[in-house]
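Trainee: I would like to go through this model with you, one point at a time. Please give the cut-offs as we go.

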Amino acid sequence: LATIGLVAFLSLFRGVGRGSVGAFFNVYLDTTLNVPTATIGSIKAAGQIVGIFLALFTPFLIARLGNERSYLLGFLATALSLMLIALVPHWAVAGLGAIGVNALSAITIPTFSVYQMEAVDRPWRSTMSGATSMAIGISRSLIALGGGVIVAAIGCRPLFAMGTGLMLVGVLCFWIFGMRLVSDSTEK
């Protein structure tokens, strides 16, 4: 149960980036940067298309770096992509950041799925899956709910900056605690 709790806690940070982009990126481009709707749709589509290629690349990345390092790299790259949106108020840079956040899920979702399943014995895997799904849902809900208040008060970029900070905390926590978890469980 402690392992499930730790992995669920680590999952909280994972939902923040995609949650903030999913809920507020369109609003940011439309209301703050005055980007046409067709361009916003093209940016979203580009993220999906790039994700296809990253999904095909992921097995090679895992073979080279291992599952946990591949996840850590994808998680860090997602946080840095979100940072682009937060720091540079230009539609092309923000679009590049959003493409990164969306496309990198093709690396982070499958590697984290394997990670969480390897962290526990077979009878606990459904509980692990449920706990991590719940944690991601909670983080996305909280970022959408709290983000609405933040965006109304001070704008989208501070929300994206906060999301970046939380994701970087998640990367650090995974590096400190999560990287050892599977290797410790496989040694038993």
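Trainee: What is the accessible surface of the protein, and how much of it belongs to carbon and sulfur atoms?

Mentor: This is a predicted model, in which local features need pLDDT of at least 70 and side-chain atom pairs count only at pLDDT 80 or more, while totals for chains, interfaces and linings use all residues. Residues are numbered from 1 along each chain as its sequence is written, and side-chain values use heavy atoms, with hydrogens and water left out. Areas come from the Shrake-Rupley method with a 1.4 Å probe, and for residues only the protein chains shown count as cover. The accessible surface comes to about 9300 Å², and the share of carbon and sulfur atoms is 70%.

Trainee: What pattern does the secondary structure follow along the sequence?

Mentor: Helices (H or I, at least four residues) and strands (E, at least two) are DSSP runs, numbered from the N terminus. The protein has seven helices and zero strands. Read along the sequence, the pattern is α-α-α-α-α-α-α.

Trainee: What share of the contacts with a separation of 6 or more comes from residues 24 or more positions apart?

Mentor: Contact means heavy atoms within 4.5 Å. Among contacts in the protein with a separation of 6 or more, residues 24 or more positions apart account for 82%.

Trainee: Is leucine 29 buried or exposed?

Mentor: Buried means under 20% relative accessible area, exposed over 50%, and partly exposed in between (1.4 Å probe, protein chains only). Leucine 29 lies in helix 1. Beyond four places in sequence, it touches residues including Ile40, Ile43 and Trp91. With a relative accessibility of 0%, leucine 29 counts as buried.

Trainee: Where is asparagine 34, and what is its phi?

Mentor: Asparagine 34 sits in the loop between helix 1 (2-32) and helix 2 (37-65). It counts as exposed because its relative accessibility is 61%. Most residues other than glycine have a negative phi. The phi of asparagine 34 is positive, near 55 degrees.

Trainee: Which residues does serine 139 touch, not counting those up to four places away in sequence?

Mentor: Serine 139 belongs to helix 6. At 6% relative accessibility, it is buried. The residues it touches are Ser11, Leu12, Gly15 and Val16.

Trainee: Is serine 129 buried, exposed or partly exposed?

Mentor: Serine 129 is also placed in helix 6 (residues 125-154). Not counting residues up to four places away, it touches Gln116 and Met117. Its relative accessibility is 28%, so serine 129 is partly exposed.

Trainee: How many disulfides does the structure hold?

Mentor: A disulfide here is a pair of cysteine sulfur atoms within 2.5 Å. Cysteine 156 is buried, at 4% relative accessible area, and cysteine 173 is buried at 14%. The number of disulfides is zero.
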